[in-house]
Amino acid sequence: MSTTFTLDTSTSRAHPVPEPVRRLTVPAIQKRKGGEPIVMLTAYTARMAQLLDPHCDLLLVGDSLGQVIYGLDTTVKVTLDMMIAHGAAVVRGSYRSVVVIDLPFGTYEESPEAAYRTAARVCHETGAAAVKLEGGAVMAPTIKFLTDRGIPVMAHVGLTPQAVNALGGYGARGREPAERAKILNDAKAVAEAGCFAMVVEGVVEGLAIDITKAVNCITIGIGAAVQCDGQVLVVDDMLGMFDRVPRFVERFDDLATHISAAATEYARRVRTRAFPTEAQLYR
């Protein structure tokens, strides 16, 4: 019997309660290569993690929080402290999914040793099961260094947002033969280095299929191909929180409209003194 955290939705506070550990594990995810597709979404808060957890196999605390939560123009500006704070919240708000946390730009590229220090701190301070880092063949030695020391790693190939300044934008990758060959080689290199899964982002469909066939680890597509071993989306995009979303996103709801409508009604009732009512007052 271990201690985990469940969220008391009546108060929005996390309380430690003893209950059996029921989380999926990295080895369990690895065994699903070619089997039932893996469901993955981003999460940045304890409450969202609690809502998504029953439906997901993996929860990614992505550095996309820089844009989604903090209004930054790029993930390059995200800090390690941001990732740890949100990562710990997501771990507290979930009990089933494998939680993976992005290593932010500048905290792991220098050397395998630097990456290990960052990853060890992330795992220690959040309780997450794995970390994710961007980059292809150049990061293979770092991935091996981490996995050899017991830190599961999810890789990220294709369109890598942290390298947007070098790539020159967010356009799809792999259209030209040379770039296609490089991305396929990157995928093979990180898989051979020991990553348990890799995000394949923003590549042409045929390349995503070739990568999935060529590697023995799980592939998680985002703007890739339905034949990947799983799929991931930024949860705020999927829920319709923004007016503009990438081509590869399907909106499964329109929460922005619901929230705007609720705020409109609240404002109307406050301005007409229809709120609070007797039910909300103390006598």
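Q: In which part of the chain is Glu 110 found?
A: This is a predicted model in which local features need pLDDT of at least 70, side-chain atom pairs count only at pLDDT 80 or more, and totals for chains, interfaces and linings use all residues. Residues are numbered from 1 along each chain as its sequence is written, and side-chain values use heavy atoms, with hydrogens and water left out. Helices (H or I, at least four residues) and strands (E, at least two) are DSSP runs numbered from the N terminus. In these terms, Glu 110 is found in the loop between β5 (98-102) and α5.

Q: Is Glu 110 buried or exposed?
A: A residue is buried under 20% relative accessible area, exposed over 50% and partly exposed in between (1.4 Å probe, protein chains only). The relative accessible area of Glu 110 is 73%, so Glu 110 is exposed.

Q: How far apart in space are Glu 110 and Thr 142, C-alpha to C-alpha?
A: Along the sequence, 32 residues separate Glu 110 from Thr 142. Thr 142 is one of the buried residues of helix α6 (residues 140-148). From C-alpha to C-alpha, the separation of Glu 110 and Thr 142 in space is 9.6 Å.

Q: Against which elements do the buried residues of α6 pack?
A: The buried residues of α6 are Ala 140, Thr 142, Ile 143, Phe 145 and Leu 146. Packing is judged by contact, which means heavy atoms within 4.5 Å. By this test, the partners of the buried residues of α6 are α5, β6 (130-132), β7 (153-158) and α8.

Q: At what angle do the axes of α4 and α5 cross?
A: Two packed helices are described by the angle between their axes and the distance between the axes. Axes are lines fitted to C-alpha atoms, for helices over the stretch in contact, and angles run from 0 to 180 degrees between N-to-C directions. For helix α4 (residues 80-92) and helix α5 (residues 112-126), the axes come within 8 Å and the crossing angle is roughly 35°.

Q: How many residues of the contact of α4 with α5 are nonpolar?
A: On α4, the contact is made by Leu 80, Asp 81, Ile 84, Gly 87, Ala 88 and Val 91, and on α5 by Thr 118, Arg 121, Val 122, Glu 125 and Thr 126. Ala, Val, Leu, Ile, Met, Phe, Trp, Tyr, Cys and Pro count as nonpolar, Asp, Glu, Lys and Arg as charged, and the others, Gly among them, as polar. Three residues of the contact are polar, three are charged, and the number of nonpolar residues is five.

Q: Which residues does Ile 84 touch, not counting residues up to four places away in sequence?
A: Ile 84 is found in helix α4. At a relative accessible area of 7%, Ile 84 is buried. Beyond four places in sequence, Ile 84 touches Arg 121, Val 122, Glu 125 and Thr 126.

Q: How far apart are the C-alpha atoms of Ile 183 and Ala 137?
A: Ile 183 has its place in helix α8 (residues 177-193), and its relative accessible area of 5% makes it buried. Ile 183 and Ala 137 are 46 residues apart along the chain. The distance between their C-alpha atoms is 9.0 Å.

Q: Against which elements do the buried residues of α9 pack?
A: The buried residues of helix α9 (residues 205-214) are Leu 207, Ala 208, Ile 209, Ile 211 and Thr 212. Ile 183 touches residues including Leu 207 and Ile 211. The buried residues of α9 pack against α8, β8 (197-201) and β9.

Q: With which residue does the side chain of Thr 219 form a polar contact of 2.9 Å?
A: Thr 219 is found in strand β9 (residues 218-222) and counts as buried at 0% relative accessibility. A polar contact is a pair of N or O atoms within 3.5 Å; within protein, one must be able to donate a hydrogen and the other to accept it, and residues adjacent in sequence count only if both atoms are side-chain atoms. The side-chain partner of Thr 219 at 2.9 Å is Thr 212.

Q: How far apart are the end C-alpha atoms of helix α11?
A: The expected span of a helix is 1.5 Å times one less than its number of residues. Helix α11 (residues 255-271) has 17 residues, so it should span 24 Å. The end C-alpha atoms agree with this, being apart by 24 Å.

Q: What is the phi of Arg 273?
A: Arg 273 is found in the segment after α11 and counts as exposed at 75% relative accessibility. Its phi is positive in a residue other than glycine, with a value near 60°.
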